[in-house]
Amino acid sequence: DAKTTQPNSMESNEEEPVHLPCNHSTISGTDYIHWYRQLPSQGPEYVIHGLTSNVNNRMASLAIAEDRKSSTLILHRATLRDAAVYYCILRVTGANSKLTFGKGITLSVRP
Amino acid sequence: NAGVTQTPKFQVLKTGQSMTLQCAQDMNHEYMSWYRQDPGMGLRLIHYSVGAGITDQGEVPNGYNVSRSTTEDFPLRLLSAAPSQTSVYFCASSPTSFYNEQFFGPGTRLTVL
């Protein structure tokens, strides 16, 4: 399975944008890029996913490099409630495709 | 909708005891799965099911059994608990195995002494 690499942690200030990077240099053409986040003492929560084009939803934006070897999750205005572990996951879409979680990146938000 | 529910929230077992972690969803989802999360680690897949009567092993299935007799329920059984099974267990569901979003329960924190 193709793997992802994320920094261990990142800090941001409240109400400022946050860019969370993810490297996936061995990504294959059928791998979708998924992001989940896990708030303290909760189960993971889906954030966003994409294949080639940049994607936006109510929670975040996903910017995918042209060669697809890296991507960036963008939180446009961080709030204290965005403090969480963010997981970048490659997932082959098809029958029985599974989520393989790494350690993720821990985002801290300063008031 | 209650979403994905898990019981109990906390459990302490002694080595060798057995127990069942319950998971239920009221969204009529076909796909359900169990993960465990050890401290400082990401989640690892234990077992999954693509529909009632169909289950399969994930990354770390040893020591765990599952069955899926109904669409709603996907219990995880520990037949003889070991300290290495101390972990937080999450159940997840999605409409199908290839649906993009999975919905996770709140977790069960299990300690085996």
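**Salt bridges and exposure**

Mentor: By the rule for salt bridges, six of them are counted over all chains. The model is a predicted one, in which local features need pLDDT of at least 70 and side-chain atom pairs count only at pLDDT 80 or more, while totals for chains, interfaces and linings use all residues. Residues are numbered from 1 along each chain as its sequence is written, chains are lettered from A and ligands numbered from 1 in the order in which they are written, and side-chain values use heavy atoms, with hydrogens and water left out.

Trainee: Why is the contact of A:Arg110 and A:Glu11 called a salt bridge?

Mentor: The term requires a side-chain nitrogen of Lys or Arg within 4 Å of a carboxyl oxygen of Asp or Glu. For A:Arg110 and A:Glu11 the N to O value is 2.2 Å, so the pair meets the definition. In general, side chains of opposite charge can pair when their charged atoms come close.

Trainee: Which strands hold A:Arg110 and A:Glu11?

Mentor: A:Arg110 belongs to strand E9 (residues 105–110) and A:Glu11 to strand E1 (residues 9–13) of chain A, 99 residues apart. Strands (E) are DSSP runs of at least two residues, numbered from the N terminus.

Trainee: What makes A:Glu11 exposed and A:Arg110 partly exposed?

Mentor: Buried means under 20% relative accessible area, exposed over 50%, and partly exposed in between, with a 1.4 Å probe and protein chains only. A:Glu11 has 53% and is therefore exposed, whereas A:Arg110, at 35%, is partly exposed.

Trainee: Why is A:Arg37 called buried?

Mentor: Its relative accessible area is 11%, so A:Arg37 counts as buried. A:Asp82, at 13%, is buried as well.

Trainee: What makes B:Ala82 partly exposed?

Mentor: B:Ala82 has 24% relative accessibility and therefore counts as partly exposed. Its place is in the loop between strand E8 (76–78) and strand E9 (87–94) of chain B.

Definitions and conventions
Helix = DSSP H or I, 4+ residues; strand = E, 2+ residues; numbered from the N terminus.
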